[in-house]
Amino acid sequence: MAAGETQLYAKVSNKLKGRSTPLLLEPLLAMGFPVHTALKALAATGRKTAEEALVWLHDHCNDPSLDDPIPQEYALFLCPTGPLLEKLQEFWRESKRQCAKNRAHEVFPHVTLCDFFTCEDQKVECLYEALKRAGDRLLGSFPAAVPLALHSSISYLGFFVSGSPADIIREFAMTFAMEASLLADCSVKPCTKQLHLTLAHKFYPHHQRTLEQLARAIPLGHSCQWTAALYSRDMRFVHYQTLRALFQYKPQNVDELTLSPGDYIFVDPTQQDEASEGWVIGISQRTGCRGFLPENYTDRASESDTWVKHRMYTFSLATDLNSRKDSEASSRCNGEFLPQTARSLSSLQALQATVARKSVLVVRHGERVDQIFGKSWLQQCSTPDGTYYRPDLNFPCSLPRRSRGIKDFENDPPLSSCGIFQSRIAGDALLDSGIRISSVFASPALRCVQTAKLILEELKLEKKIKIRVEPGIFEWTKWEAGKTTPTLMSLEELKEANFNIDTDYRPAFPLSALMPAESYQEYVDRCTASVVQIVNTCPQDTGVILIVSHGSALDSCTRPLLGLPPRECGDFAQLVRKIPSLGMCFCEENKEEGKWELVNPPVKTLTHGANAAFNWRNWISGN
């Protein structure tokens, strides 16, 4: 160790003499790790064991920020346990299933006792002492029962804590803040406003009644042990999105990240200009390294999934649990807090629901061939004289004939073989669900018409239902390559290619009216006009209207029905990037209330991994 580091270690050891930190720190220092990085590893792992800190250090050996003096942020929460926690978990599950995810789902059920604050790595042990002192001081007066009163507004639903119990809890928070200031030199702002346990936040207004009904079903008569839990997070990634790796990924290039299932990746939505379609740039929580990763290998994680639990104080047991491992909870809040989403409606229930209400199912097309083989895909599969051939099994077996030749496919690509499979498997699942499709509308893009046709084939409806081509739900033309709108197949060409097209349908927005590089507002207006006409032209109670379009349509074709204004352009772009092939949104008309609602799609999502190209000539047996 350098002289300065030895001096720092001596100061830390003397200040915390008699506590556990030196016992955790000494093995790491004996292995040659500098004091500041050893302390950083202990803080990042919740100071559980030296073994966990050692694993962290090995994983972060290539972390460019390893030596940066950036402390963790900490916060103190009052958390329920036992039967009440189980009922809150049930509410979390049902509210997410029935009303989609809202801001409250980002964090576990809790009452916030103080805002996030920073603490130097060498002083974290003092925070534990501050928590113990504050708990011991208020233990005798802590309320035997914490009364919870339901409060609801147009964007918030939760339990308020009032009266003398709230005063005692606030006193505990202020005592912790004072002790943390004295012992750890931390500036802690305790909660002095209305104490609350949030159930739902920033949800769609039309979900308020359903959420209230679910909340009133939570029995509050159960006794509950409340624990004060100290958590930390990496302050650098507070405003980032968090992704969870679903599959293993081995980098193909030096600028790509290694992924293992369960890894968390921090992604800055504003810094994705360098990433191509289907990829994102992120920072691995496990290694601290930055690089590209395939987005379809990940799923969106909750904000608190990467938080680290340090210590907790349980009031009703009159016991400080800091000195032992928590056998019921992981040191990380790992997202298992929310039970698995309940299964979809049975086939019979789905059938009954679709008969009773007008519904709209918006589906994104399957995987397009250029999504896999890049912008030069056409050069890879055509001869100089324009003859198509299949260089890879993921290229389609053949292409439909176009009057102007193969060149027109360049900006109007077909489905890949995997895209065809995706569409068929989605159609087969829709058949099993019992859903009754009554009409089909598709964007004029070939990939959308193909997807619609394949779904209808699996539903055994390809001869009964004609596809109505609606240019008004075509992709935002600003995102299309070139200065002109793509040359799309005519209705006659589609019919010649064996697509069952409704040539009598008069679209809301004619193909000739599509303008290149239209503004976001122009795009939103045309989608709104189109979906309104689609819904109005279909008779009442005739089943489900299927719209097959682009990822953007899952937002631009549903918000008008829900009575919601368009998203901000930047938010819209980030949302659309995350919509996978055959992603679905399902809207139902609520006749009683005269409005539309988002509900669970009739089938599950389709998730799969990538399959890299393989050349046997590059493989030598035995090497």
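Reader: With which side chain does the side chain of Arg 447 make a polar contact, and at what distance?

Author: This is a predicted model, where local features need pLDDT of at least 70, side-chain atom pairs count only at pLDDT 80 or more, and totals for chains, interfaces and linings use all residues. Residues are numbered from 1 along each chain as its sequence is written, and side-chain values use heavy atoms, with hydrogens and water left out. A polar contact is a pair of N or O atoms within 3.5 Å; within protein, one must be able to donate a hydrogen and the other to accept it, and residues adjacent in sequence count only if both atoms are side-chain atoms. For Arg 447 the partner is the side chain of His 365, at 3.2 Å.

Reader: Is Arg 447 buried or exposed?

Author: Arg 447 lies in helix α13, residues 446–458. Helices (H or I, at least four residues) and strands (E, at least two) are DSSP runs, numbered from the N terminus. Buried means under 20% relative accessible area, exposed over 50%, and partly exposed in between (1.4 Å probe, protein chains only). At 2% relative accessibility, Arg 447 is therefore buried.

Reader: Which residues is Arg 447 in contact with, leaving aside neighbours within four places in sequence?

Author: Contact means heavy atoms within 4.5 Å. On that basis Arg 447 touches His 365, Arg 368, Asp 412, Pro 413, Leu 415, Glu 480 and His 550.

Reader: Glu 457 lies in helix α13 too. Which residues is Glu 457 in contact with, leaving aside neighbours within four places in sequence?

Author: Glu 457 has a relative accessible area of 17%, so Glu 457 counts as buried. Beyond neighbours within four places, the contacts of Glu 457 are Arg 424 and Glu 462.

Reader: At roughly what angle do the axes of helix α6 and helix α7 cross?

Author: Two packed helices are described by the angle between their axes and the distance between the axes. Axes are lines fitted to C-alpha atoms, for helices over the stretch in contact, and angles run from 0 to 180 degrees between N-to-C directions. The axes of α6 (residues 124–138) and α7 (residues 163–184) come within 8 Å, and the crossing is at roughly 145°.

Reader: How many nonpolar, polar and charged residues does the contact of α6 with α7 have?

Author: Residues of α6 including Leu 127 and Leu 131 meet residues of α7 including Phe 172 and Phe 176. Ala, Val, Leu, Ile, Met, Phe, Trp, Tyr, Cys and Pro count as nonpolar, Asp, Glu, Lys and Arg as charged, and the others, Gly among them, as polar. The contact of α6 with α7 has 13 nonpolar, two polar and five charged residues.

Reader: Now the aromatics: are the rings of Phe 77 and Trp 307 stacked or edge-to-face?

Author: A search of the whole structure finds 29 aromatic pairs. Rings of Phe, Tyr and Trp (its six-membered ring) pair if their centres lie within 6.5 Å; planes under 30 degrees apart count as stacked, over 60 as edge-to-face and the rest as tilted. Phe 77 and Trp 307 have ring centres 5.7 Å apart and planes at 5°, so the pair is stacked.

Reader: How many residues apart are Phe 77 and Trp 307?

Author: Phe 77 is buried at 3% relative accessibility, and Trp 307 is buried at 4%. Phe 77 sits in strand β1 (residues 72–80), and Trp 307 in the loop between β12 (298–300) and β13 (308–314), which puts the two 230 residues apart.

Reader: Why does the pair of Phe 117 and Phe 176 count as tilted?

Author: Phe 117 is buried at 4% relative accessible area, and Phe 176 is buried at 0%. The ring centres of Phe 117 and Phe 176 are 6.3 Å apart and the planes stand at 55°, so the pair is tilted.

Reader: What phi does Ala 100 have?

Author: Most residues other than glycine have a negative phi, and most peptide bonds are trans. Ala 100 is in the loop between α5 (82–99) and β2 (111–112). Ala 100 is not a glycine, yet has a positive phi of about 70°.

Reader: Is Ala 517 buried or exposed?

Author: Ala 517 also has a positive phi, of about 50°, and is found in the loop between α14 (491–496) and α15 (520–537). With a relative accessible area of 59%, Ala 517 is exposed.
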